[in-house]
Amino acid sequence: MALDEFARIHHWTAQRQSEDWQRQRGVVIGIGDDAAVVDTAAAADGVAEPKRLLLAVDTMVETVHFKQSTMRDEDVGYKALAANISDIAAMGGVPLHALVSVSVPPSYKPERMRRLYDGLYECAERYGVAVVGGDTTSSPQHLVVAVTVTGTVEAGRELRRSGAMPGDAVFVTGAVGMAAAGLHALLAQEERGAGCKAAEEDQAVCEAIAARCDMETAQVAALLQAHQRPSPSVRAGRLLLGRGSCHSLNDVSDGLASEAWEIAEASGLRLVLEERQLPKSGSMAAYASRVSMDPLEWMLNGGEDYALLGTMTAGAAEETRAIFHKEGIPFFIIGKTEAGSPGVELVRNDLVYAGRAAGHQDYRVELKKQGYNHFSS
């Protein structure tokens, strides 16, 4: 299919979202002019006036963030938007608009890119995001997808990394390590010559991993879903902002330890995490056992889970957990904050740490910033 740039954009984006629906998100002018025009004050976002604009941008690069053997084109589009929505959620905000820029290599024909936009618009529909513009260029070899998202939040109430106080409870709003386990499973399967370029192949890969690891297919599917189609915690962020007792918040994109360090440094204190309280997915633990991996490594340093990590008034933590569970949202109290030089510690216990004598007291180890780093040597 021979299409010029504007025909391609029309092919990927036309008739995806109605003008009436976009108007509800405050869109005055969307795709088709030199710039989009939005009126955030008119957006039906549930955010009370006065409100502030949130802005986030994220980039996905082929061979760095994804491979054709681990993610279908639809998954790439979905995840590119989901990663940005998670940043808005971590501020307690509501996502509204997206600008999508793609640099397309010759190997990605228009129909492949349309599948990518299928996944992106699926994510946009799920989280109420209006796609209002972007840019399209060629790329010599690899696909690059850059997404900018706007959102809104009540003025002065945005949740930051810098608000933690000594004596806070540390919490996380979901299991961690599942995305890393899912990626490990997909890369191991790639070594056996199998990929997931289409939905039916993805199912076949899932079944093959399950058979190889003696696991239920549903368990493996949950791990692959966590890596390929993460779920930003927008509702959790709004609940935390509404409660008023949350002092700091961050999303788990680069690993629990790394995100905890960001809160510690921004707030000028120490986070002390309890190993026995870290939420461990049964499917992740089962897979780790089958492949002789330590699940704690994935939980602390895996990343891309997009749960929310934060701190709150200790006395409000149990009530908050009950409210979250009533809403069907996970909520785990995993530690506390202490005054002191910025850092993150993990309380290890002889019941979970091999080699310690029975009856030995719990002890602490310093956690390093071992999450994903694009510029590590």
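Are Asp75 and Arg229 buried or exposed? Asp75 is buried, and Arg229 is buried too (buried is under 20% relative accessible area, exposed over 50%, partly exposed in between, with a 1.4 Å probe and protein chains only). The model is predicted: local features need pLDDT of at least 70, side-chain atom pairs count only at pLDDT 80 or more, and totals for chains, interfaces and linings use all residues. Residues are numbered from 1 along each chain as its sequence is written, and side-chain values use heavy atoms, with hydrogens and water left out.

**Salt bridges**

- The count comes to 26 salt bridges (a side-chain nitrogen of Lys or Arg within 4 Å of a carboxyl oxygen of Asp or Glu).
- Asp75 and Arg229 form a salt bridge, with the closest N and O atoms 2.8 Å apart.
- Glu304 and Lys79 also meet in a salt bridge, at 2.9 Å from N to O.
- Lys79 is buried, because its relative accessible area is 1%.
- A salt bridge joins the side chains of Arg235 and Glu327 (3.0 Å, N to O).
- Arg235 is partly exposed at 44% relative accessible area, and Glu327 is partly exposed at 41%.

**Second largest pocket**

- The second largest pocket holds about 540 Å³ of space (on a 1 Å grid over the protein atoms alone, a pocket is an open set of points where a 1.4 Å probe fits, with protein on both sides within 12 Å along at least five of seven lines; lining residues have an atom within 4 Å of a point).
- Of its 30 lining residues, Ile31, Gly32, Asp33, Gly133 and Gly134 are the closest to the centre.

How values were computed
Grid points are joined across faces, edges and corners, and a volume is the space filled by probe spheres set on the points.
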